Structures are given as C-alpha cells and as structure tokens.
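The following paragraphs lead the reader through the structure shown below. Please keep the sequence and the model in view while reading.

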Amino acid sequence: MAQPWWISPSALTALARELNSWASSARIQKIYQAGARTVVLDLHHHGVTASLLMRAEDVPRLSLTSGKHTRAETEPPAFQGLLRKHLANARYRELSVEPARRSASLVVDTLQGTRTLVMEWSRDSANLILLHEGGKILGAAQPALLTARGLKVGKPYTPPPEHAVEDVAAPEITAQQISTHPLSAWPTHAAVDLAQQEVQAPKERGALVQARRRVKAELDRVTRLVRALEGDLSRADEAVTLRTAAERAKAQLRDLPRGEPTWNLRDPYDPSAAEITVKVDPALGPHENMERLFHKARRLESTRKHATPRLAESRERAEVLRALIAEIDASQDAAAVEARVAEVLGGKPAPQTGKKAGPSRRMPFRAFQTSQGWRVLCGKTSADNDTLTHRTARGNDIFLHARDAHGAHVILVVEGKPESLDGPIGEAALIAAHFSESRGEAVVDVRWTEVKHVRKVPGRVGMVTLAKERVRRVRTTDPKLAALLQTETGAETRLGGSA
C-alpha cells in the first residue's frame, strides 16, 4: 500500500522543522493512548497547547492536530502508563525524522535524563517504542512486534533497515484554507489536518456498516423472540383441553385408575361429547394428577395472556428494524444514521467484535432495589446461579428460590445488623417467584435461608440443598413486583451498580 503524502520525505522534513521551533520551550502536558499504536501528546508552549498525534497504524500519521481523539474504551493500556511515568511534564527537545527508515524520534528532557519516543511505520513492524537515555528499550505499544525484529525490552534499540522512498505530491490545499485553520501557524501540519477530512470518508462508510450490524443484531434477536413466542402460543392452545380434562377428572375422581400412564376421560354430564385422552404420572395418585392438570392449564393460560401482546409488540419492533436497515442502506450520512440508530435502539451498546481487548462486559446477574433500598441480585443462568450463591454472596445474605420449581437463585444483600428483614425478604421473594417456572401461578411458595446454610450439590450446576429453610408465600399479582422490576440494573459486583 502506498504511503500517504504526509509521510513522504519533504512533508516529514517540513513537519519537523515547524515543530522544532518550540524546542526547549514546550512541555508535555497530557499523554493518552487513543488506539493500540496511537499516542496523543499535548504540548504546551507559552499559553498555547497543540496535540501531537503519533499513529503507527494502517494509515500512519505524525503531525499536530486540531481535533479531539477518543481515548481507548478499555482499561488504560500498560504502555500509556509507561509513557506517563517517563514523559509527563518533560521538556520537548526535538523531532527528528528518517524517511528512508520509515521512523521518527521525539526526543525530550526529563529530570531522569533524556527519553526518546520512536515511531516506526514499516508495514511489518509499525510500532511505538520508548527508549532510555542509553538507547535501551523501556517498552513498546506492541511488545510482540519487538520480538519479530529480534528486539527485547532492556536491550539496545536497533533502527529498522532503510527502504527506497519517493516524494509524493501533496494535494491542492489553498493558502486561504490554511489561513482559516486553527493550526495556521504551522502550514504543513494544517495541510495534513485538512487532508485527513478525505481520509475520514472510508471511516464514515465504516460507521454505516457498524450501525447496520448493530441494527441487524437487534433484528435477529427480535426475530428469535417472535419465533419463541409463536411456539409458546401454539402450545397454549392445549390449555382448553387440559382444563376440560381436569374438570372431568375432578367430577369422577373416585373412579379414576391408579398406576396408569393415560386417562380416557368422558364427560359425565354429556355422553355425546368426545372422549379426551391425557398423559398422567402413574407414580402419583388421582388427586395429585388432577392437580397437575389444573396447574398445566393455568400455566398455559397465563402464557397466552402475557405472550399475545408481547408477540404483537415484537412483530411491530421487527418491522421498525427492517425499515431502519433499509434507511441505512440508502444513506450516506453517518452522523444522521447514528442519531437514528440511537433513537431506535435506545441505550443498547454496540456489540464487541473480533478479539476482546478487555474484560467481558456481560452482566452475570440482574440487580434490583427494594422500596427500603436493599439490593437484590438475581442469577441469569445455572452457571450464574453458582457464581452468585457460592462466590459473590456472603454468609449472612439471604438466599431465596421458588419452591418445587426451576428458577433463578436470588440473593438479598444484607449489610450490618438490621432490626427486621421481613419487608426486604418479602420483596426479594417476589423476584424469586417471578424468575421461576411458577411465575404464572397466583400464589408461589419461596424457600429462603441464610447463604451460610446453602450447600452445592456435587456435579450439578445450579443445584443446592438448604438447611434451616423457611417458606415465604407471595402473590405474583402484588403491585410491588412491577415497581421492583423497574429498578433493574446490571450487576458486575456484589454492591456496585451496572458497569
């Protein structure tokens, strides 16, 4: 790939000459890393501050810049800390360039001696390297690239080999354009800054692609939800049959056979009605199987009640997202698209792609807050339940779980020695009932005890046994539940909020 014109010998010489007019009178005020191999240094000179951009990436750049640069979104890179340790408040000495070696060196004076920040932009070894006064390597933005060149931290630095270079003509940038630019005192730097506007065009297209990917990911999620809800509703059609069977079983309970896997139920009041065949558990008695039929019918009826409006809402959401994708495909304005995507997706973060540069941002638990300010944590998966109960929770916290039903582990975080836990336990029990298979029931029994009385079942993820358990009965129609669900946030830590 051809080098940009601002990395050509004549442009680099002019850049260094203009910047060296500040020699011995400018100080490095701020340092931050804006990319894996991009560093920004704020130089302060007699009340004037200019940002020196050193970017050893696909499109290399070395120049003053008038724009603001986004800092790395992950944890502060180690190289940024190294630069701040050695270069903070250092006095600028000179910028020397070697176009044939495709490198430039920023030399500064510190109280500990001279330090040099080398920028290399060769295709195979583009890197930023910090050198000690004696020429030994203190560190690099990409240490692995040092090894590829046979270099090591603590060992002497060797410049890259020379390459044949050609001058590339600068584009037509008028004196009028430069005179109105914030960097007009440094014409070559101003010209580079203006030329970057053309380089941003591919980035605008890249922003459109990223926006489309975000919307497509949300559309895929909503489409999966629509299919799941349609499946739930198709099964919910069995509710009428199950309730009818349960009513028939109740009317002839004494005559029902024991130990049979199926029941053939006739209507005792209408001999002409069709017979209903249902599966039952032969290990249970007639009364228990009848109760199970009523239970299944109630769950399916609840599913229909809640899934029908949610399905309509999800289908409408999918249509909005499809229209937004068509709008993105027809647009060239990245800023307008970003605004529209933010409007439709709300606060949904952009999905991470490629290799993760930092810790996962997935929230392993949900977090809620009771009316009295108590924190309630709720696991999402079986693995999250294990983590929440056996690693995050403390011994005096309260463990809650819906009785005789699969569901989330819920932890009521207890701080200090409260006089009464009755109110917070009641609200936490509502959360446990809601995030369980019993959420469609009108009344749910919730087991609870202190976490120190909870033991993990070996080899069974998310399975526990309880000692000294007590039971709290809650109604899922309690108005407190809706208020609790409105307080939901993410939960990376035991007491902290969403990350």
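Two residues are said to be in contact when heavy atoms of theirs lie within 4.5 Å. The model discussed here is predicted, so local features need pLDDT of at least 70 and side-chain atom pairs count only at pLDDT 80 or more, while totals for chains, interfaces and linings use all residues. Residues are numbered from 1 along each chain as its sequence is written, and side-chain values use heavy atoms, with hydrogens and water left out.

Helices (H or I, at least four residues) and strands (E, at least two) are DSSP runs, numbered from the N terminus. Apart from its neighbours within four places in sequence, Thr116 is in contact with Ser105, Leu106, Val107, Ile129, Leu130 and Leu131. Because its relative accessibility is 14%, Thr116 counts as buried. Buried means under 20% relative accessible area, exposed over 50%, and partly exposed in between, with a 1.4 Å probe and protein chains only.

The next subject is strand 6 and its two partners. Two strands pair if DSSP finds at least two bridges between them. Strand 6 is joined to strand 7 (residues 113–120) by 8 bridges, and the two run antiparallel; the hairpin that connects them passes through 2 residues. Within this pairing, Leu106 stands opposite Leu117 of strand 7. Strand 6 also pairs with strand 5 (residues 91–98), again in the antiparallel sense, over 7 bridges. There, Ser103 in strand 6 is the bridge partner of Glu98. The hairpin of strand 5 and strand 6 has 4 residues between the strands, and Arg102 in this hairpin takes a positive phi near 50 degrees. How much of strand 6 is buried? Of the 8 residues of strand 6 (residues 103–110), 7 are buried, so the strand is largely enclosed by the rest of the structure.

A nonpolar core is a set of buried Ala, Val, Leu, Ile, Met, Phe, Trp, Tyr and Cys residues joined through side-chain atoms within 4.5 Å. The largest such core has 46 residues, and those with the most contacts inside it are Leu41, Leu52, Met54, Phe79 and Leu106. Leaving aside neighbours within four places in sequence, Leu52 is in contact with Leu19, Val39, Val40, Leu41, Leu43, Leu62, Ser63, Leu64 and Leu106. A second, separate core comprises 26 residues, including Trp374, Ala402, Leu430 and Leu484.

Leu430 belongs to helix 10, where it is among the buried residues. Helix 10 (residues 422–434) is mostly covered, with 11 of its 13 residues buried. From its first C-alpha to its last it reaches 19 Å, close to the 18 Å expected at 1.5 Å a residue; the expected span is 1.5 Å times one less than the number of residues. For helix 6 (residues 238–251), the 14 residues should span 20 Å at 1.5 Å a residue, and the end C-alpha atoms are 20 Å apart, which agrees. Its buried residues are Ala239, Leu242, Ala245, Ala246, Arg248 and Ala249.

Aromatic side chains also link separate parts of the chain. Rings of Phe, Tyr and Trp (its six-membered ring) pair if their centres lie within 6.5 Å; planes under 30 degrees apart count as stacked, over 60 as edge-to-face and the rest as tilted. By this rule there are 3 aromatic pairs. One of them, formed by Trp22 and Trp186, is edge-to-face, at 5.3 Å centre to centre and 80 degrees between the planes. This pair links distant parts of the chain, 164 residues apart: Trp22 lies in the loop between helix 1 (9–19) and strand 1 (27–35), and Trp186 in the loop between helix 4 and helix 5 (187–236). Trp22 counts as buried at 5% relative accessibility, as does Trp186 at 9%. Phe368 and Phe435 form a tilted pair, 5.9 Å centre to centre with 40 degrees between the planes. Phe368 is in strand 12 (residues 365–369), whereas Phe435 is in the loop between helix 10 and strand 16 (443–450), 67 residues apart. Both Phe368 and Phe435 are buried.

Finally, the loops deserve attention. Lys468 is placed in the loop between strand 18 (464–466) and strand 19 (470–475). Its phi is near 55 degrees, a positive value in a residue other than glycine. Is Lys468 buried or exposed? With a relative accessible area of 62%, Lys468 is exposed.
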